[in-house]
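Let's take a walk through a protein model together. Have the sequence and the 3D view ready.

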Amino acid sequence: MFENILIYFVVIPLVMLGLLALCRDIKQIRAVAVVGSLGLIALSVYLLVDYLGLRAAGNEAPMLYTGSWVWFEPLNIHLAVGVDGISIAMLLLSSIIVFAGSFASWEIKQPKEFFLWLILLSTGVFGFFISIDMFTMFMFYEVALIPMYLLIGVWGSGRKNYSAMKLTLMLMGGSAFLMLGLIGIYYHSAPEGGQLTWNLLEIVDNASIPHGWQSFLFPMTFVGFGVLGAMFPFHTWSPDGHASAPTAVSMLHAGVLMKLGGYGCFRVAIYTMPQAAHELSWIFLILTGISVVYGAFCACVKTDLKYINAYSSVSHCGLVLFAILMLNETAMTGAIMQMLSHGLMTALFFALIGMIYGRTHTREITEMGGMMQIMPYLSVCYVIAGMASLGLPGLSGFVAEMTIFVGSFKAGMADYLAGAGSLRLVFTLIACCSIVITAVYILRVVGKLLFGPVHDDHHRQLTDASWWERLSTATLIVCVAGIGCFPNFFNTLINFTFKPAIFSVLGMN
């Protein structure tokens with residue numbers, strides 16, 4: 001088992017948990033968190049380089065580094081692992097945010113217990129992205145969700161108990177739909193008389209799910225994952241959860257955990273049930289289109305920094321699901337790039353909001369002003385995050401959103417010219433309006449928060465970022481700029497996934 005490199009994405013966090021349990025003081029706890037997260041980054045980078053080398057050498061297998069070990073034979077449950085370009089991108093994103101979140105939580109209270117739960121959450125995330133067995137994937141999915149309740153309920157602020165309970169109940173409700181959907185896929189995973197399987201690759205190869213069952217199971221699976229992706233109208237847990245969560249939890253929550261929803265919709269719902277995806281995508285296209293515009297409008301009227309960024313996340317994550325449902329190469333490539341872009345820039349946003357709140361003890365933009373002259377480093381970082389969010393060229397947001405809108409317009413025009421209706425085209429034009437709305441709330445916040453007069457004289461005594469805060473934010477900014485300046489690298493990584501395996505399954509163009 002340990003000969004497979006992917007297993008170490010779970011082994012390293014588990015070792016970190018064991019070492020944290022033995023730690024006696026804050027320095028040891030910090031050392032374990034930083035060294036462990038650096039190890040995960042190094043492992044992700046090595047995997048990325050080796051993966052690109054294998055693809056360049058002509059290896060066109062749908063998944064690489066595959067391995068399978070029997071876990072529960074009566075139900076044919078395996079610890080089955082494997083990755084493609086999308087999985088590797090998500091692993092790299094997760095490791096970077098865990099690293100940045102460790103420094104953002106440098107002075108957290110009860111650090112030992114906090115990092116234990118945070119690393120357990122990250123264990124679920126890494127396990128989810130490397131799994132190709134649906135049962136194992138669901139297990140890691142639940143492992144990632146359960147720690148959120150305690151992390152918000154114990155270390156959160158504001159209405160933390162309400163937010164933690166609301167988040168848990170809504171996500172568990174989504175998990176119930178998802179579980180039923182996965183069980184249904186399992187019981188139709190093999191031809192008549194064949195052995196049932198949870199393995200995604202085997203299910204796709206068998207192509208055995210009847211059309212009628214696909215139409216029943218696809219909505220359940222998509223909704224199950226869509227709840228975590230903050231799809232309208234199941235999004236209400238997300239803003240409250242973000243507003244009450246501690247900084248590192250908000251970073252991991254928005255930066256990585258919500259990406260499990262988009263990844264699951266793509267990897268499980270669409271990949272295993274392509275016929276239903278083509279026929280029923282219009283229903284979820286309407287819901288995700290509403291998410292894109294509704295989230296942006298809500299951000300415009302909020303005055304709490306965390307709520308503004310939380311509703312911005314609803315909009316941007318809605319854009320991910322919206323693009324996936326277009327079912328063409330360009331839009332889906334943009335969706336994956338948007339997952340990376342949003343994960344990094346929203347983690348940067350929440351890190352900066354936590355740092356500002358730790359100094360001013362308020363998140364209301366009406367009570368702050370003139371922060372640029374008081375905290376120039378944090379203010380400049382906030383401007384960079386804002387420009388990435390509204391799609392400034394040279395940063396990740398521009399590349400991701402333009403790719404999505406070009407692909408969506410292409411799909412919409414294809415439908416229109418073929419006489420198949422104009423729904424995709426209309427909703428693409430509606431979704432494009434989110435660019436303008438995003439600019440409105442980003443520029444509004446930047447103007448009120450960073451410029452103008454200082455509203456509280458006590459704020460003049462505040463200090464700028466410490467070294468660990470600079471390291472955390474600089475790491476994320478470099479990554480945001482890296483995607484914006486070198487998009488072809490990530491486009492190549494993603495296209496290795498789409499060609500030829502997924503093309504043949506989805507019939508994408």
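We'll visit a loop residue, then a helix pair, then a helix residue.

This is a predicted model, where local features need pLDDT of at least 70, side-chain atom pairs count only at pLDDT 80 or more, and totals for chains, interfaces and linings use all residues. Residues are numbered from 1 along each chain as its sequence is written, and side-chain values use heavy atoms, leaving out hydrogens and water.

Start at Ser105, in the loop between helix H3 (85–104) and helix H4 (111–130). Helices here are DSSP runs of H or I with at least four residues, numbered from the N terminus. Is Ser105 buried or exposed? Its relative accessible area is 4%, so Ser105 is buried (buried is under 20%, exposed over 50%, partly exposed in between, with a 1.4 Å probe and protein chains only). Leaving aside residues up to four places away in sequence, Ser105 touches Phe114, Phe115 and Ala248, where contact means heavy atoms within 4.5 Å.

Now for the helix pair. The axes of H12 (residues 305–324) and H17 (residues 423–450) come within 11 Å and cross at roughly 160 degrees. Axes are lines fitted to C-alpha atoms over the stretch in contact, with angles from 0 to 180 degrees between N-to-C directions. H12 and H17 are therefore roughly antiparallel, a label for angles over 145 degrees. Residues meeting across the pair include Leu305 and Phe322 in H12, and Phe427 and Leu449 in H17.

Last stop: Gln373 in helix H14 (residues 371–374). Gln373 is exposed, with a relative accessible area of 55%.

How values were computed:
Helix = DSSP H or I, 4+ residues; strand = E, 2+ residues; numbered from the N terminus. Parallel < 35°, antiparallel > 145°, perpendicular 65-115°, else oblique.
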